[in-house]
Amino acid sequence: MWSSLRQAGCLALLLASAGCAHYPLNSPLGSAPSAAYRFPDTAAGDTNSDSLLVCLTFSGGGTRAAALAYGVMQELRDTPIQGSNGAKTLLGEVDCISAVSGGSFAAAYYGLFGDRFFQDFRERFLDRDIQRELAVQLANPATLARLASPYFSRSDLAAELYDRTIFEQRPYAALVGRRPYVILNATDLATGDRFEFTQEQFDVLGSDLASYPVARAVAASSAFPLLLTPVSLHNYPQPAGRAPVPEFQEYQDALTAFDSDRRRWAWAHSRLDYYTRKQERPWVHLGDGGMADNIGLRPLDAAYRFASGFIRPRINRRQVQRVVIIAVNARTDPQEQISKKATPPGALAIAYKATTIAMDNYSFDSLQLMHDLQTDSDQARAYVAGCQSRLDGYAATLDPRCAKPPPRLLAPAKLHGCLVQVDFEALPSEQERRHFLNLPTTFALPRQDVDDLIAVGRRLLRDSPDFQRLVRALAGAPSPVSPDQDANCG
């Protein structure tokens, strides 16, 4: 009898604790600005130069994506280049990493711990069975009681596991002022818009990112629909007496560009939606970043196209002469099964397809946009040169005794663009290609698969013709590319 009473008492205690379980809230902004997570300027004498701006993007794909990224990082670490301050590695020139879902684990860990990434990231993530560990926690009665709360879910549990066993309970403050600048991407489930964990994004929420756990951002970025649950943020009122967010005027200006630049309008509209509709949208619920951009290229496209971005102003100030984007795409293409059956697919199969087909289609579009950066730069220079030529012709007709020639136009800075794609489709062997394209998206892979992914990541980067042209260009060697060929990275 006493045993039954004790069991009943324990059950009652667990149920009572369920009502108290709540995910940690993001903090509101204070009335005065504090240290914020924005793209940092380099210090004088820093080995990372602004003239060469290198950004990596890591796609979604669970452990598969993180392992492929790990191999690429190893190859960059082992690629020497000559800088103004002497010899260094290409990894040392990496300025930013934009990552999604599984790739977010690698990006966040390297951003926090630097070269420790190569010492213990395998042990802390790649070689672990995260799925089994989560399942064991879910079987714990205390965990089940917490999950009974409407304010605590599977992704909150996963975030706690990541925080405790991978990221050492580090908040975003640990990343402030450091390069590479890490952009972790999620998806706003209410609108389908991309949501990035940067202070610029948190400004419109009236929230301080510096105190937010990095692990929760990773959990949001990798909250795959059905398997994991959304991660939620509070959209706070703007603090009294604090000036509008620094980008506010650009958002306002962009709202007039509906007909001329629809993408710029949509970007500004989504940001102002958080900022101006506080009472209607007091909460933001985030899911897997791959639903909006499974490669992570969209933040870099915005950083290049918009005045408030961290790439465009540096180009305009002639700080940046070469922009390098290395896109690590761990997408899969498993053998199709739906089309082989007469019976229509079930609900789970439809849900999976609905979330993954759009990811791959949108990824192709993102890559094509980045290919256009070099073309945009060349066209702008050609346009200004044409205008200047006409002005010179007009000036030649003027009598210098009566009129002064018009001032010369300021030509846009010459920009060398480089997009290197690391993708399983580049493998020449059909058998090897199919092996990697069929690897599952999980948080548990056999050690041999992890070894193979790391090795193929190194090889795909090293063997890329674009990467080889880049290394030659950085060494000052002439490019063997003829004028009628693609000059990317030359």
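Trainee: Before we start, what does buried mean here?
Mentor: Buried means under 20% relative accessible area. Keep in mind that this is a predicted model.

Trainee: Fine. What percentage of the chain's residues are buried, then?
Mentor: Of the 490 residues in the chain, 49% are buried.

Trainee: How many helices and strands in the chain?
Mentor: There are 17 helices and twelve strands.

Trainee: What about contacts in the chain with a separation of 6 or more: what share comes from residues 24 or more positions apart?
Mentor: That share is 79%.

Trainee: Switching to pockets. How much space lies in the second largest pocket?
Mentor: About 500 Å³.

Trainee: How many residues line the second largest pocket, and which lie nearest its centre?
Mentor: The lining has 24 residues. Nearest the centre are Asp-193, Arg-194, Ala-266, Trp-267 and Ser-270.

Trainee: Which helices and strands each supply at least two residues of that lining?
Mentor: Strand 7 (194-196), helix 11 (262-276) and helix 12 (298-305). Helix 11 gives the largest share, with ten residues.

Trainee: On to the backbone. Is the peptide bond from Arg-179 to Pro-180 cis or trans?
Mentor: That bond is cis, with omega near 5 degrees.

Trainee: Where does Pro-180 sit?
Mentor: Pro-180 is in the loop between helix 7 (154-165) and strand 6 (181-188). Glu-168 has its place in the loop between helix 7 and strand 6 too.

Trainee: Which other residue has a positive phi although it is not a glycine?
Mentor: Ser-101 has one, at about 50 degrees. Ser-101 is in the loop between strand 5 (94-100) and helix 3 (102-113).

Trainee: Why does Ser-101 count as buried?
Mentor: Because its relative accessibility is 7%, and the cut-off for buried is under 20%.

Trainee: And why is Glu-168 partly exposed?
Mentor: Glu-168 has a relative accessible area of 28%. Partly exposed lies between the 20% cut-off for buried and the 50% cut-off for exposed, so Glu-168 at 28% is partly exposed.

Notes: Residues numbered from 1 in each chain as written. Predicted model: local features only at pLDDT ≥ 70, side-chain atom pairs only at ≥ 80, totals over all residues. Heavy atoms only, no water. 1 Å grid on protein atoms, 1.4 Å probe; cavity = no way out; pocket = protein on both sides within 12 Å on 5 of 7 lines; lining within 4 Å. Points joined across faces, edges and corners; volume = space filled by probe spheres on them. Helix = DSSP H or I, 4+ residues; strand = E, 2+ residues; numbered from the N terminus. Buried < 20%, exposed > 50% of the residue type's maximum accessible area, 1.4 Å probe, protein only. Contact = heavy atoms within 4.5 Å.
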